[in-house]
Amino acid sequence: MLTKIKFAPGIDKQDTAVGAEGRWVDSDNVRFRYGLPEKVGGWQSLLNDSIVGVARKQHAFVDKEGNRYVAIGTDKFLLIYFEGQLHDVTPVKATIGSVTMSATDASQQVSLTFSSAHNLQSGDIILLDNVTVPAGIGLTNSAFEDKLFQVTRVTSNLIAIITGTQTTTGAATGGACDIIPYEPVGPAAQSYGYGFGIGQYGGTVQGSVTTTLNGALLADTNGTGGSGSVINVTSNSGFPTAGTIAVQNELITYTGKGTNTLTGITRGAFGTATTGTSNGQAHSSGEIVTNATEWGGWGDAVDAGTITLEPGLWSLSNFGDVLVATIANGKTFTWNSDITARLTTRASTTTSGFSTTNNPTATRVTLISPTTRHLIHLGTETTIGTASTQDDMFIRFSEDENINGYTPQATNTAGTQRIQDGTKIMGALVAKENILIWTDNALYTMKFVGAPFTFGFEQVGTNCGLIGKNAAIEIDGVAYWMGNNGFFSFDGTVNTLPCSVEDYIYDDIDTTKGQQVCAGINNLFTEVTWWYPTSGSDFNNRYVVYNYGQNNAQLPMGNWYTGTNTNSIRTTWVDSLVYPRPYATAYNSSNDGSFPEVIGQDGLGQTVLFEHETGTDQVNPNGSVTTLTSFIQSFSFSLQPDQAEVFLAMRRFLPNFKVLNGNNQITLSIKDYPSQDDIETSLSPFIINSSTLKVDTRARGRYANIKIENTGVGESWRFGTFQVDIQPDGRRG
């Protein structure tokens, strides 16, 4: 007897595998279209290059000549993608002249000594100019001239850089250069702060001495290589005789120094051990080691978890042809696409005709208001130009059509406002009729009302705060966002989104890394996707999708699906508005990017810019193809509905695919009791292709489920129905 098993669209992880009747319970790289599950479309790299660092914001726009651009803000750079090429337009600080160059031994490290405090930090990017190399270094001027380097070690009057090539043995002095520092953006990942605050009174101390590990540290209580109480470092010069070091998120105390060693160590100090253990965390050889001896809360060490440091973020918008770019908690810069030398001109506060020299210098978020064209600063300074007056709930807006005019007068439309509910503004979006502003607890609308107030503010929701700056998206007048405790929408009223995978997400998401959450809309398939980090992950490693266009009465908890495939994780996304398909970025912390070239870069990672919904697999920058696998698994259904006490035998099943290119495989699993683990049947998996009419099998049990997946290059599918031939087989196992 053939029995048709029906499945509603979406994934249900709120119930058990047996209890989720008529639903799918797990998936990866799958979407639902017309109620049927199918493999997602592929993606291909838009560039032969990859980007150095982790991208945190994309913004696509068109100039008045019809030229299309994508601005990409990373933790180190501001880049422009134009006509298949990347261009570095990162703003820079004032040039520091008359810097002395020297080398002390045969290594890849060169020291740069300043005549006064330089205010650079480990990890900063610098450009070298007017270089004269030290005599005897074994390298030419061209190895440094107009090249980018990463600052790897810092003291008050000295920094070190990695040359990428070993210098000649022995001391080499007498070199000189000018240094052009890039504007710093922020860390690649959100992390602990260690103290009551950030800066000299607590938290990290600027200018801390750094070195690198010479050998790996394991996730244990021991020193280098997993034994003893000694850590080997490249150099311990500048470190105190006894103190504390920071390696990524771990703090380690030590009681002495040897020859390039730190001795008498205690791993996982001040609450930074591996979660749930007393062990230290694992670190690779070459990881940066920072002197954390002077870090602390008002002079005393406190648990690392009390403060989180936000990652490097950008706000990107356009004022006509002009890109407006704000570093989170930093300055605002502009870049004009309407000049001949646009691709060789950096973003700046002094862009001709679009200066931002009168703008606040510390702002959490900026955007351009629609129609009225005000530049709005959210979470900004109460006294312009004094960063210490930054108020995370204070809003300041410019005159209309003048992004550099902020003095409120009776004759202009500049003004200020402070909102109340929450501790900080998290993000903002331009919606259909309003500007939406989220704090960590509430939602406000900001709407143009004209003179004398210019904008009116209204609180429209509470207990619905935003988890991270980029975790909200808007389409057709409806906003969707991820909070610290659930998903929400706003269509004039704040609504909680029922979610069939909510516990699965919130039981494992790392909410302390909420600023890394990225939301993207794919209007081609009516999908909103959030990529997020789970506990123990430094970067995004999962995603969840809400299909807002395919809901029905069968789905009281909505049409949701999830994924964990490493190749599918994104850090930024722009929808198919300026370009015909979505553009997105993927980050790999283990690889090195190639643009901009940073000599001797250490641990900056690699971002790849992909065009989505093209082909069936992943095409990499070098042209190689990575297989895009996918699967979906059903609930555990009883072989005879409402008669689960009866064992039944399955003799055959009839797969029915709406679309099937290449092979697919179906795995049939059974179990006798709901609490048991699934057992694959002896003949599984079954290879299915377009000519497969039926599949003979032998399966016996009370419950069964099916898993549909592809594992090969060039394969795509959309599944239709599932029919099985079952017969009674007694009541005893």
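Guide: Two strands pair if DSSP finds at least two bridges between them, and a strand is a DSSP run of E of at least two residues, numbered from the N terminus. This is a predicted model, in which local features need pLDDT of at least 70 and side-chain atom pairs count only at pLDDT 80 or more, while totals for chains, interfaces and linings use all residues. Residues are numbered from 1 along each chain as its sequence is written, and side-chain values use heavy atoms, with hydrogens and water left out.

Visitor: In what sense do strands S13 and S14 pair?

Guide: Strands of a sheet pair through backbone hydrogen bonds, either parallel or antiparallel. Here, S13 (residues 125-132) and S14 pair in the antiparallel sense over 3 bridges. Within this pairing, Leu127 has Leu148 of S14 as its bridge partner.

Visitor: Which strand runs parallel to S14?

Guide: S50 (residues 598-599) runs parallel to S14, joined to it by 2 bridges. Leu148 has Val598 of S50 as its bridge partner. S15 (residues 158-162) is antiparallel to S14, with 4 bridges between them, and Val151 is partnered there by Ile161. A hairpin of 2 residues connects S14 to S15.

Visitor: Is S14 mostly covered or mostly open?

Guide: A residue is buried when its relative accessible area is under 20%, exposed when it is over 50%, and partly exposed in between, for a 1.4 Å probe and protein chains only. In S14 (residues 148-155), 7 of the 8 residues are buried, and the strand is mostly covered.

Visitor: What is the order of the strands in the open sheet that contains S46?

Guide: The order is S44-S45-S46-S47, with antiparallel pairing. S44 and S47 (560-563) are the edge strands; each has a single partner, so one side of each lacks a neighbour in the sheet. Direction ignored, neighbouring strands of this sheet are turned by 20 degrees against each other on average; the axes are lines fitted to C-alpha atoms. Between S46 and S47 there are 4 bridges, and Val545 stands opposite Tyr561 in S47.

Visitor: How many cavities of 30 Å³ or more does the structure hold?

Guide: On a 1 Å grid over the protein atoms alone, a cavity is a set of points where a 1.4 Å probe fits but cannot get out; a pocket is an open set with protein on both sides within 12 Å along at least five of seven lines, and lining residues have an atom within 4 Å of a point. There are 2 such cavities. The largest has a volume of about 230 Å³, and among its 18 lining residues Arg31, Val40, Thr529, Trp531 and Tyr543 are the closest to the centre. S45 gives the most to this lining, with 3 residues. The second largest cavity has a volume of about 30 Å³, and its lining includes Glu310, Arg364 and Lys469.

Visitor: Which strand gives the most to the lining of the second largest pocket?

Guide: That strand is S7, with 7 residues. About 1100 Å³ of space lies in this pocket, and of the 37 residues lining it, Lys57, Gln58, His59, Leu429 and Ile473 are the closest to its centre. Among the elements that give two or more residues to the lining are S7 (55-62), S36 (425-430) and S40 (472-475). By class, the lining has 21 nonpolar, 11 polar and 5 charged residues, where Ala, Val, Leu, Ile, Met, Phe, Trp, Tyr, Cys and Pro count as nonpolar, Asp, Glu, Lys and Arg as charged, and the others, Gly among them, as polar.

Note on methods
Points joined across faces, edges and corners; volume = space filled by probe spheres on them. Axes fitted to C-alpha atoms, helices over the stretch in contact; angles between N-to-C directions.
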